[in-house]
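Have a look at the model first, and then we can walk through it.

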Amino acid sequence: EEVTSKYRVDTNRVYLTGVSLGGAGTWYLATKYPEKFAAIAPMSGFIRHIDYIVKNTDKLINMPIWAFHGTVDKVVQFEDTEWIINRLAGKNKDLKFTAEPGVGHWIDWLVYPKQELYDWFLAHDKRMKNKN
């Protein structure tokens with residue numbers, strides 16, 4: 001709210017992403033405040049021990065999500081992201097999951113330098129989400 005009051009922000013195009021603890025925060029904030037974000041991209045985030053997320057995954061049904069996790073992550077279990085993706089599969093029509101074989105915890109080094117995620121973000125805004 002502070003940023004949007006001080007700067008020109010298109011509140012229909014606010015995106016959320018984070019890695020590791022930031023990935024967990026991405027899942028949490030999107031679950032807690034789904035109306036604030038046009039799309040999210042959590043990476044390598046632990047979630048199954050955060051009760052609020054576990055009990056409220058249905059709040060993410062209309063949220064465009066592109067989740068990322070390396071299959072050999074030794075810091076946060078790959079199964080955490082796989083678990084929530086499976087919970088949302090078939091319910092969320094704008095759900096993507098990139099599971100990178102042979103990649104560990106810092107998958108963001110493969111994702112953030114490329115343009116693809118940013119193009120995907122810009123293809124989403126809340127006006128589109130609210131029409132569905």
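This is a predicted model: local features need pLDDT of at least 70, side-chain atom pairs count only at pLDDT 80 or more; totals for chains, interfaces and linings use all residues.

## Burial and overall build

A residue is called buried here when its relative accessible area is under 20%, exposed when that area is over 50%, and partly exposed in between, using a 1.4 Å probe and protein chains only. Residues are numbered from 1 along each chain as its sequence is written, and side-chain values use heavy atoms, with hydrogens and water left out.

The protein chain holds seven helices and four strands, where helices (H or I, at least four residues) and strands (E, at least two) are DSSP runs numbered from the N terminus. Reading along the sequence gives the pattern α-β-α-β-α-β-α-β-α-α-α. The radius of gyration is 14 Å, close to the 14 Å that the globule rule gives for 132 residues, so the chain is as compact as a globular protein of that length. For that comparison, the radius is taken over C-alpha atoms and the rule is 2.2 Å times the number of residues to the power 0.38. Along its principal axes, the C-alpha trace spans about 40 × 35 × 25 Å.

The four strands form an open sheet in the order S1-S2-S3-S4, with parallel pairing; two strands pair if DSSP finds at least two bridges between them. S1 and S4 are the edge strands, each pairing on one side only. On average, neighbouring strands of this sheet are turned by 5° against each other, direction ignored. Strand S3 (residues 65-70) runs parallel to S4 and is joined to it by six bridges. Take Ile 65, whose bridge partner in S4 is Leu 95.

Helix H2 packs on the sheet and touches S1, S2 and S3, its direction making about 145° with that of S1. Helix H4 lies across S3 and S4, running at about 155° to S4. Axes for these angles are lines fitted to C-alpha atoms, for helices over the stretch in contact, and the angles run from 0 to 180 degrees between N-to-C directions.

## Rings and charges

How many aromatic pairs does the ring rule give? The rule pairs rings of Phe, Tyr and Trp (its six-membered ring) if their centres lie within 6.5 Å; planes under 30 degrees apart count as stacked, over 60 as edge-to-face and the rest as tilted. The count comes to six aromatic pairs. One of them is Phe 78 with Phe 97, which is stacked because the ring centres are 5.7 Å apart and the planes sit at 25°. This pair links distant parts of the chain, with Phe 78 in helix H4 (residues 78-88) and Phe 97 in strand S4 (residues 95-100), 19 residues apart. Phe 78 is buried at 11% relative accessibility, while Phe 97 is partly exposed at 27%.

Trp 120 and Phe 121 make a tilted pair, at 5.7 Å centre to centre with 45° between the planes, and both are buried. Ring pairs also tie Tyr 15, Trp 66, Phe 68, Trp 120 and Phe 121 into a cluster. Trp 66 has a charge over its face too: Lys 96, at 3.5 Å from the ring centre. Likewise, Lys 32 lies over the face of Tyr 52, at 4.7 Å from the ring centre. The test asks for NZ of Lys or CZ of Arg within 6 Å of the ring centre and within 35 degrees of the ring normal.

## Two serines with positive phi

Ser 20 isn't a glycine, yet its phi is positive, about 65°. Ser 20 sits in the loop between strand S1 (15-19) and helix H2 (21-32), and counts as buried because its relative accessibility is 15%.

Ser 44 has a positive phi as well, near 50°. Its place is the loop between strand S2 (39-43) and helix H3 (51-55). At 0% relative accessibility, Ser 44 counts as buried.

Methods:
Contact means heavy atoms within 4.5 Å.
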